[in-house]
Amino acid sequence: MAEILRNKKPLAVSPIKSGQPLGAILASLGFEQSIPLVHGAQGCSAFAKVFFIQHFHDPIPLQSTAMDPTSTIMGADENIFTALNVLCQRNAAKSIVLLSTGLSEAQGSDISRVVRQFRDDFPRHKGVALLTVNTPDFYGSLENGYSAVLESMIEQWVPAQPATSLRNRRVNLLVSHLLTPGDIELLRSYVEAFGLQPVIVPDLSLSLDGHLANGDFSPVTQGGTSLRMIEQMGQNQATFVIGNSLGRAAGLLAQRSRGEVITLPHLMTLEACDTFIHRLKTLSGRDVPAWIERQRGQVQDAMIDCHMWLQGAAIAMAAEGDHLAAWCDFARSLGMIPGPIVAPVSQPGLQHLPVETVVIGDLEDMQDLLCDTPAALLVANSHAADLATQFDLSLIRTGFPVYDRLGEFRRVRQGYSGIRDTLFELANVMRERHHPLAIYRSPLRQHFGDNVTPGDLYAAC
């Protein structure tokens with residue numbers, strides 16, 4: 001069990017964490033025709049939108065209640081009424097996710113009460129689903145905000161008593177922020193290969209997969225999980241919950257569901273992937289498709305090809321809890337040494353990581369740890385690029401945000417093909433940094449004439 005070391009610094013230097021509202025916005029973008037509405041100042045949404053556009057390189061639907069100094073002091077309920085009324089009238093949204101910020105939480109705004117009053121005052125908008133989520137910036141991180149949206153979604157949108165009918169061919173996938181749109185696409189193909197219908201929540205693979213949409217800019221999300229599918233989640237045959245941070249969401253759904261709930265921390269090891277595929281086989285009653293078995297064989301072959309480059313290599317990590325759990329298990333399964341480890345805040349599962357200590361801190365703390373415990377690789381987001389350059393480390397970009405590489409937002413790291421590609425990526429990085437021994441030239445060697453070819457000159461350099 002890992003020892004959690006808390007930082008006593010009065011401030012964060014080069015933080016690795018992102019606030020709860022960013023995680024809540026990310027989860028909200030996985031709902032069909034949805035608009036995240038940030039209850040805070042304009043800057044609360046403007047800076048968030050910059051990060052999302054840099055990460056996904058796509059337009060991001062996001063609105064704000066635009067709290068100003070007067071409404072912050074006197075009350076901003078009217079800002080919420082106006083924003084909800086305008087969005088319902090003009091944008092044809094199917095759902096609006098209203099989330100709080102540090103400003104509105106410090107003010108003491110009760111957004112649930114305001115939404116109930118909005119329902120009474122504007123009955124003509126009853127067809128638009130509203131979801132309220134408390135996500136203050138001064139507590140938690142992106143992971144907490146993301147999981148808070150899914151917990152609130154289950155409490156507010158999934159009926160407490162599901163219908164008596166059971167949908168035997170439908171399977172829920174409740175996925176963590178750990179999974180990219182590319183990962184979600186792969187999981188969908190796995191489920192569909194067994195003849196089952198996946199209900200993925202939230203489904204970023206349909207809204208933020210980097211596709212070129214038809215028509216002009218859309219003020220709502222293009223794609224995502226439909227509200228009807230969410231309301232019927234309790235009737236489905238089974239639910240897979242992927243990510244340690246979704247433990248409470250899994251418990252809430254288990255109380256409202258007739259099917260079993262299966263929890264997995266990630267799909268970055270052969271053991272976890274085998275468990276996932278075996279449960280799909282049991283649920284469907286079908287044999288494992290040949291192409292999935294072939295992918296598993298490709299992972300095994302990649303392990304043989306890459307083990308000489310990865311065995312015993314130390315890999316430092318600075319990321320959210322779900323990413324740390326996935327990468328630590330991945331490293332251990334390959335004979336790598338995970339550590340040092342830095343997490344932004346205390347999160348579920350950190351004490352179970354297969355390391356001695358986990359530091360709650362920032363990139364300055366990672367800098368101090370690397371001075372004492374050198375590593376060969378660094379797993380973190382793009383904020384750690386300067387740190388990797390300082391210590392001459394190869395940066396494996398993961399998490400949010402990744403703004404200095406194209407296509408990283410949908411890189412596949414989960415499932416058999418994700419493990420295979422990550423193996424090759426890490427082994428190639430280690431191979432490029434390998435410095436072979438210099439060619440030994442004997443002082444007793446003899447020179448024969450001056451007829452030297454260009455090739456000889458090259459070899460003598």
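Predicted model: local features only at pLDDT ≥ 70, side-chain atom pairs only at ≥ 80, totals over all residues.
Local features need pLDDT of at least 70, side-chain atom pairs count only at pLDDT 80 or more, and totals for chains, interfaces and linings use all residues. Residues are numbered from 1 along each chain as its sequence is written, and side-chain values use heavy atoms, with hydrogens and water left out.

The protein splits into domain 1 (20-139), domain 2 (170-209 + 219-289) and domain 3 (296-433). These bounds come from an automatic or database domain assignment.

**Domain 2 against domain 3**

The centres of the two domains, taken over C-alpha atoms, are 25 Å apart. Together domain 2 and domain 3 bury about 2200 Å², with 59% of it on carbon and sulfur atoms. Buried area is the accessible area (1.4 Å probe) lost when two parts are put together, summed over both.

Between these domains there are 2 salt bridges. A salt bridge puts a side-chain nitrogen of Lys or Arg within 4 Å of a carboxyl oxygen of Asp or Glu. Glu185 and Arg410 form a salt bridge through their side chains, at 2.9 Å, N to O.

A 1 Å grid over the protein atoms alone is used: in a cavity a 1.4 Å probe fits but cannot get out, while a pocket is an open set with protein on both sides within 12 Å along at least five of seven lines; lining residues have an atom within 4 Å of a point. Volume is the space filled by probe spheres set on the points, which are joined across faces, edges and corners.

| Space | Volume |
|---|---|
| Largest pocket | about 310 Å³ |
| Largest cavity | about 380 Å³ |

Of the 32 residues lining the largest cavity, His177, His323, Thr398, Gly399 and Phe400 are closest to its centre.

The largest pocket has 17 lining residues; Asp58, Pro59, His211, Ala213 and Gln222 lie nearest its centre. Domain 1 and domain 2 both give residues to this lining, so the largest pocket lies between them.
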